[in-house]
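Trainee: Could you help me learn to read a protein model, one feature at a time?
Mentor: Gladly, let's look together.

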Amino acid sequence: MIILMKCALYLSALTICGVYAQEAVGKIEQERNHPSELNETPEEFHEELYVQPMGSGFVNTYFQFTTKWFYKKEENLHNIRLVPRSIAEILLQYDIKELHISLTQGLWRYESWGYPIKSAPPGAEVWAWFAAENLDSDQVDDQWTRVASTLSGILCASLNFIDHTNTLIPKYGFRPQFISAAGQNFTKHLRYSSLPREIVCTENLTPWKKLLPCNSKNGFASLLNSVNVYNTNYHSLAVRVRTFCLHKNECFLEFTESANLVYDSKMLTTSNTNDFSLRRLFGQGLNGHCPLAKSSKVYVNLNSPANYELNPSPQYNVSSTRGSFTSHYGVYDIQQLKGQRLFNIAWFQRKASNSPLTPPPLCVHRYIVGQGQERGKLVTQLANTHYSTLRVILQENIPWFMPIYMHTLKIRNQRTAELIKPKTINYYPGVQRKRPYHLELLFYLPSQTSVEISFDFDYIFLKWLEYPPDANHGHYVGSAVITTQLPLARNYTAIPAWGTVFADSFNASESYYLLQLRTESLLLSLPTPDFSMPYNVICLACTVVALAFGPIHSIATKRIIIEENAAASATFYAKILQKLKRKPKTSLKQVISKRKEEKQQLTDIETAMLQNPDTANSKSKEKSM
């Protein structure tokens, strides 16, 4: 069964860029001569770590956790053991046969880092294959929206923003990697979407680790500490689900989780050397292996531009030849290191070397040019350093707020300034607020040259509610996807489409090597209104209303009460008490006359004292008495 799976996936990969399936005959014969059967165990789990020192002191670490389950019938998806229940329920509820999810922060540098094992654009990317009996496009759209909402809850990401305004239906760039049961010729439906604005943080890493059989307590997942993971130049979390059904009751499920990290070793040490270790990269050593894992291996790439010495030395070395390029790997089998906790591997640089990595045969860049905020130009540059012509598929995902002009599309050879005519164009015009612009180009890229694909677009005005909270920051444009097949495997470490674990890439020579590249996500500054003016108007209007409202409200609500009327309304007893307590009023004339009388009496006494002192004294005593 495994032989047929590999052959079917190999045939699917060969048809991506128009390569005929006749070239797979040799692959089929090779698999028949070296058969491999499914293990008696219906479910198995593998954990792997790949470490590659790159140029300029950067280190790439790639974690892969693979669960293979021979569940036979669809009804058996209820009886889970190692596969997460949430993933099994998605396969039961929806007609999904293949699912890919990636959450990425940062940009992969192809020129200096080579090709990654699994390419992913900045932000979030989701694409899935649907296949079932009597399944039409409208039903797929409805299931696609519900699947996105379900995955949003599982991974704590903003995947619920995936809808018809940012969803594409690719025609050439993607091919299925699943197998339907024999005799079931279901119509296959593909949906693709990306959210370049999505930010990856600890809220995504924690639920991602919970999908593993051993969580993050044991095994390789114990190295994925959020403090060290998000202190990297590039990190990407991915989930892949594939189903293989050779017959109706012989189905096989592959569930893969991967984490791709790029560290700068110069930031991990204070010395001038680029020495590093697992403890410096992840803050601790390897805490054993997962008890549920069938294999737990660490692969170290020994073909580094800088000459490193490993301590401890690998248990054994493996040589792999792919397309006339030989690579050497050191292998550590963690399950054989019994009794060792917090296992550590150290890389010591023998001599200082900043020799760059050999540039890969195909590189891509993307940017926006133009002046003003009326019209711009989107440019994509492809550079082919190989000696043969490459057949390339370019997929553009243009948001609806970026209307493009197809008559301005040009593919120009920068070496000869000649225009290249595309072999196939697949274009779906966008509709504002309903559908994005979808463009797929298939053309030949000449050897030892670079081409420039460009087209014009307009800057449009949006409704004020359609701007994000940080409107002046700009709007993100998703990455373009470049699909091709390389005739050589230089700087190529991807796992074949028929493979499940990293060891399947050893000596996996093929006629062509499938390659997908993602460009930079762009930041588009649309005409933005002055959002401070509404604030100023609101403040002024509120001030005027407050000043006018106070007096009007006081006049309209207060009652004027006359004091006399209030006294008249008092009771009879209250009036009597008020009169008793009231003091008699003395007029001003009475006071003046009284004071005059007192002064006159004093004058008379003084005169009498002068005339007869004895008589005056007796009178004054009588007066005082």
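Trainee: Is Ile576 buried, partly exposed or exposed?
Mentor: Buried means under 20% relative accessible area, exposed over 50%, and partly exposed in between (1.4 Å probe, protein chains only). Ile576 has a relative accessible area of 35%, so this residue is partly exposed. Before we go on: this is a predicted model, where local features need pLDDT of at least 70, side-chain atom pairs count only at pLDDT 80 or more, and totals for chains, interfaces and linings use all residues. Residues are numbered from 1 along each chain as its sequence is written, and side-chain values use heavy atoms, leaving out hydrogens and water.

Trainee: Where is Ile576 placed?
Mentor: Helices (H or I, at least four residues) and strands (E, at least two) are DSSP runs, numbered from the N terminus. Ile576 lies in helix α11 (residues 572-581).

Trainee: Why is strand β1 called largely enclosed?
Mentor: Eleven of the eleven residues of β1 (residues 43-53) are buried, so the rest of the structure largely encloses this strand. Glu43 and Phe45 are among those pointing one way, Glu44 and His46 among those pointing the other way, and all are buried.

Trainee: Which strands pair with β1?
Mentor: Two strands pair if DSSP finds at least two bridges between them. With strand β2 (residues 58-69), β1 pairs in the antiparallel sense over eleven bridges, and Glu44 stands opposite Lys68 in β2. With strand β10 (residues 295-301), β1 pairs in the parallel sense over six bridges; here Tyr50 stands opposite Tyr299.

Trainee: What joins β1 and β2 in their hairpin?
Mentor: Four residues sit between the strands, and Ser56 takes a positive phi near 65° in this hairpin.
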